[in-house]
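Work through these exercises with the structure open beside you. Try each task before you read its solution.

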Amino acid sequence: MDFLKDFPKLKGHPPYYSSPQSILFNGDCLDILSLMSDNSIDMIFADPPYMLSNDGFTCLNGRMVKVNKGKWDKSRGLEEDMRFHEEWISSCRRVLKPEGTMWISGTYHSIYQCGYLLQKHNFHILNDIAWFKPNGAPNLSCRFFTASHETLLWARKDKKAKHTFNYDEMKNGSFPEDALKKENTQMRSVWSITSPKKGEKTEGRHPTQKPLDLLKRIILASTKEDDIVLDPFCGSGTTALACQVLGRRFFIGIEMDEAYCELSKKRLG
């Protein structure tokens, strides 16, 4: 794909990494998205900050550690957090094709705000997926239920448009990692997928890294081989790697932290 031909405004913004199938930009997603053409992207996967780095604690490898992941994940209050989510969701809507779809992952710290904003900006929500983590961390306070899932929202830009859903792949495909998926039955909205395997972190780790099996399923379900996929919060590059494994036409990633851009580069290389 001649990337600059389809996105000429990005000529003055050199990528951090590029290959015949992928391109990665180091910068603020709002800045990069503003340079992208209207109605140019087939599918978006977004894993925005959950805004939960507020001095709480969690369990990591059997040890109590602070949940803080970085300044980028710190809540600035309800109104400011809502403004941030609205800005990137609005920008993503502009670049998404009418028949395009967007996935957003999150916990209760962020996902309800994103769900409200999707509807405010006239997206049509298709599904909410409960991603169950069989190996989720225990709750150390013993004062409320153990968090063992995240929510994924799947929405299309135009309610009247025909979106991509590869039904047969989801019904009859092989998903040995998911104990809840029965052979040759419809894919349900609860997915059992473990956190990233050890082998997925050999080049380094991201604090909110998603498992490759999760992104492969999302891309397999909602894209065609000639589609262009965008991830505005690219992190460790799992979405890019899934597109590469599944042979999708092109992937565009945006990540503001150079260290994670380098991690993505190593994984893709």
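**Exercise 1.** Is W191 buried or exposed?

*Solution.* The model is predicted. Start with the cut-off: a residue is buried if its relative accessible area is under 20%. W191 has 3% relative accessibility, so W191 counts as buried.

**Exercise 2.** Which aromatic pair do W103 and W191 form, stacked, tilted or edge-to-face? Start from the pair of W88 and F233.

*Solution.* 
- Step 1. The aromatic pairs come to six.
- Step 2. Take W88 and F233. Their ring centres are 5.2 Å apart and their planes stand at 85°. Planes over 60 degrees apart count as edge-to-face, so this pair is edge-to-face.
- Step 3. W88 is in helix 3 (residues 78-95), and F233 is in the loop between strand 10 and helix 7. The pair therefore ties together parts that are 145 residues apart in sequence.
- Step 4. Check burial. W88 is buried at 0% relative accessible area. F233 is buried at 15%.
- Step 5. Now take W103 and W191. The distance is 6.1 Å centre to centre, with 45° between the planes. This pair is tilted.
- Step 6. W103 belongs to strand 6 and W191 to strand 9 (residues 190-192), 88 residues apart. W103 is buried, at 2% relative accessibility.
- Step 7. Look further. Ring pairs join W103, W154, F165, Y167 and W191 into a cluster. R217 lies over the face of W191, 4.9 Å from the ring centre.

**Exercise 3.** Which residues of helix 8 are buried? Why do they lie on the same side of helix 8?

*Solution.* 
- Step 1. Helix 8 spans residues 258-268. Its buried residues are Y260, C261, L263, S264, R267 and L268.
- Step 2. These residues cover an arc of only 160° around the axis, which puts them on the same side of helix 8.
- Step 3. Recall the general rule. An α-helix has 3.6 residues a turn, so residues three or four places apart point the same way.
- Step 4. Find the cover. It includes strand 1 (17-18), strand 2 (22-26), helix 7 (238-246) and strand 11 (250-255).
- Step 5. Go to the start of helix 8. There a side-chain oxygen of D257 comes within 2.9 Å of the backbone nitrogen of A259.

**Exercise 4.** Which strands pair with strand 3 in the parallel sense?

*Solution.* 
- Step 1. Strand 3 (residues 41-46) is mostly covered, with six of its six residues buried.
- Step 2. Strand 6 (residues 96-106) pairs with strand 3 in the parallel sense over five bridges. I44 has M102 as its bridge partner there.
- Step 3. Strand 10 (residues 228-231) also pairs with strand 3 in the parallel sense, over two bridges. Here M43 stands opposite V229.

Conventions:
Residues numbered from 1 in each chain as written. Predicted model: local features only at pLDDT ≥ 70, side-chain atom pairs only at ≥ 80, totals over all residues. Heavy atoms only, no water. Buried < 20%, exposed > 50% of the residue type's maximum accessible area, 1.4 Å probe, protein only. Helix = DSSP H or I, 4+ residues; strand = E, 2+ residues; numbered from the N terminus. Arc of directions from axis to C-beta. Contact = heavy atoms within 4.5 Å. Polar contact = N/O pair within 3.5 Å; in protein donor to acceptor, adjacent residues only side chain to side chain. Pairing = 2+ DSSP bridges. Phe/Tyr/Trp six-rings, centres within 6.5 Å; stacked < 30°, edge-to-face > 60°. Lys NZ or Arg CZ within 6 Å of the ring centre and 35° of its normal.
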